[in-house]
Amino acid sequence: MEPDDVTRVTALLGRAPRAAFTVAVRDATGTPMVIRNAPFLDDGTPLPTTYWLVDPALTRSIARIEADGGVRAAQDAVDADALAAAHGRYGAERDAAIDPAHVGPRPFGGVGGTRVGVKCLHAHYAYRLAGGDDPVGEWVAEALGRAETPAETIR
């Protein structure tokens with residue numbers, strides 16, 4: 001982590017992060033685009049969302065896709081087995097970061113805490129940008145391309 005990452009991510013989120021994090025993806029200027037959260041907030045509350053999109057332009061663009069029915073469209077477009085496998089990989093990666101001696105509540109589900117289906121296009125796209133094999137993240141990338149988002153922001 002770079003020394004000013006907490007300051008930069010705080011500015012991007014509009015609030016201080018409540019979990020320990022690392023920057024998983026940066027843009028060409030070094031600005032954080034995706035953070036990788038610890039599995040628990042600073043107060044011990046389980047946090048199922050490992051990868052969080054913090055790039056404001058991408059966040060707005062994906063919000064527009066969601067507002068136009070993108071969650072349902074993505075769910076209808078992707079193979080259910082491939083989506084279930086992505087949820088499984090995501091959950092396993094998050095769970096591997098939890099101390100085996102941990103007792104108490106644990107985060108659950110896959111991408112964005114969802115057990116099945118699609119909940120948040122932002123979370124799926126963040127996972128894809130961070131290197132995750134996610135068919136919904138791929139669907140979002142294609143939707144961003146169709147929306148003519150500047151190519152330099154799409155990875």
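**Exercise 1.** In this predicted model, find which ring the charged end of arginine 146 sits over, and how far from its centre.

*Solution.* A charge on Arg counts as sitting over a ring if CZ is within 6 Å of the ring centre and within 35 degrees of the ring normal.

**Exercise 2.** Describe how helix α2 (residues 56-67) is arranged against helix α6 (residues 135-146).

*Solution.* Two packed helices are described by the angle between their axes and the distance between the axes. Here the axes come within 10 Å and cross at roughly 95°. Angles of 65 to 115 degrees count as roughly perpendicular, so α2 is roughly perpendicular to α6. Next, list the contact: α2 brings Leu58, Ser61, Ile62 and Ile65, while α6 brings Trp139, Val140, Ala143 and Leu144. Sorted by class, that gives 7 nonpolar residues, 1 polar and no charged ones.

**Exercise 3.** Work out how tyrosine 90 pairs with tyrosine 51 and with tyrosine 127.

*Solution.* The structure has 3 aromatic pairs. Take tyrosine 51 and tyrosine 90 to begin with: their ring centres are 6.1 Å apart and their planes stand at 65°, so this pair is edge-to-face. It joins strand β3 (residues 51-53) to helix α4 (residues 80-96), across 39 residues. Now move on to tyrosine 90 and tyrosine 127: with centres 4.9 Å apart and planes at 90°, this pair is edge-to-face too. It links helix α4 with helix α5 (residues 121-129), 37 residues apart. Tyrosine 51 and tyrosine 90 are buried, and tyrosine 127 is buried as well. Putting the steps together, Tyr51, Tyr90 and Tyr127 form one aromatic cluster.

Notes:
Residues numbered from 1 in each chain as written. Predicted model: local features only at pLDDT ≥ 70, side-chain atom pairs only at ≥ 80, totals over all residues. Heavy atoms only, no water. Axes fitted to C-alpha atoms, helices over the stretch in contact; angles between N-to-C directions. Helix = DSSP H or I, 4+ residues; strand = E, 2+ residues; numbered from the N terminus. Parallel < 35°, antiparallel > 145°, perpendicular 65-115°, else oblique. Contact = heavy atoms within 4.5 Å. Nonpolar A, V, L, I, M, F, W, Y, C, P; charged D, E, K, R; others polar. Phe/Tyr/Trp six-rings, centres within 6.5 Å; stacked < 30°, edge-to-face > 60°. Buried < 20%, exposed > 50% of the residue type's maximum accessible area, 1.4 Å probe, protein only.
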